[in-house]
Amino acid sequence: MDAQQLDAVCVGETMALLVPDGDSRDGVPLLRAEIGGAESNVAVHLARAGYRAAWLGAVGDDVFGRLVRDRLTASGVRCLVRVDPERPTGLYTKEPGPGGGRAHYWRRESAASALGPETAAEVRRLRPRLVHTTGITAALSDTCLALVEDLLSVPSDGTLRSFDVNYRPALHGDHNADTLLSLARRCDIVFCGTDEAASLWGTSDPGELAGLLHGPGLLVLKQGAKGAMAVRHDRSWFQPAPRVSVVDPVGAGDAFAAGFLGRLLEGAAVPDCLAEGARTAGRVLGIPGDAPTPGPGHAAARETGQRPGRDPRGRD
């Protein structure tokens, strides 16, 4: 493996995030600026674990775009970003509350929504060991859908294709079930919640879902508080969910995917991949926000090296 080869390229939109900061002024809550994005969350967790991870996306030529780049770079992620002088960086706000609270989005006509198939060609030139994207990116625009279709449809020599369904009713509506199914059938690894599968395709049964998808070499089903299951051909493995006090569930699915994919890149057995996914998700469930603040150990991992490069297809 080339010493400079990236372990993973995660493709999608990262937005600025405004969250209440505890105090208020004249009855108006003060807001703190953070960032959030499913694909970049995965890249952050991979980078903090010592993998060479990149995020590829687009931001506006604005203060939020600079925030996105600065935060991801500080987390050890290589930013392969296009700065759009005409379109803004996407923005959302989060209101705390039961079940994770509510989020409000301002992402229409954002810089990331203009991404297209040319981005897939850029990923192929990089020849990473893994490319990861989600159904969120596919729903941003027609050109973004073409990008995801291209990423998942044209296999690159030695590059694993990973796809997290990430169904969002407000974003996908009730007309994207077939599109998400088609995308999931094209790749090597699919992550999907059983609740998502039930809403989209009318079943949460692992066997039925594996038969319905009939494309990926590995199907990973997230089952909420119960745990997670992986299915490969006629074999399956189960991992119980970690026992933690849940502070904020947002971002736990991305953390799980990153933990699973990192161990898969090392050639670990599927049960070990599930266990690492559960551990990584557990750390995120117990904190506010999408990812833990990096400590000295993360910096050391980034500086010294990198995880061993093994067969990324994973063992049984």
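I looked up burial first: Phe191 is buried, and so is Phe256, where buried means under 20% relative accessible area, exposed over 50%, and partly exposed in between, with a 1.4 Å probe and protein chains only. Phe260 is buried as well. I note that this is a predicted model, in which local features need pLDDT of at least 70 and side-chain atom pairs count only at pLDDT 80 or more, while totals for chains, interfaces and linings use all residues. Residues are numbered from 1 along each chain as its sequence is written, and side-chain values use heavy atoms, with hydrogens and water left out.

I then searched the whole structure for aromatic pairs and found four; rings of Phe, Tyr and Trp (its six-membered ring) pair if their centres lie within 6.5 Å, and planes under 30 degrees apart count as stacked, over 60 as edge-to-face and the rest as tilted. One of them is Phe191 with Phe256, edge-to-face at 6.5 Å centre to centre and 85° between the planes. This pair links distant parts of the chain, with Phe191 in strand S10 (residues 189–193) and Phe256 in helix H10 (residues 252–265), 65 residues apart. Helices (H or I, at least four residues) and strands (E, at least two) are DSSP runs, numbered from the N terminus. Phe191 also pairs edge-to-face with Phe260, at 5.6 Å centre to centre and 90° between the planes, and these two residues are 69 apart. I record Phe191, Phe256 and Phe260 as a cluster linked by ring pairs.

Last, I checked helix H9 (residues 206–213), whose N-terminal end is capped by Asp205, with a side-chain oxygen 3.1 Å from the backbone nitrogen of Gly207. Just after H9, I read a positive phi of about 40° at His214.

Terms used. A polar contact is a pair of N or O atoms within 3.5 Å; within protein, one must be able to donate a hydrogen and the other to accept it, and residues adjacent in sequence count only if both atoms are side-chain atoms.
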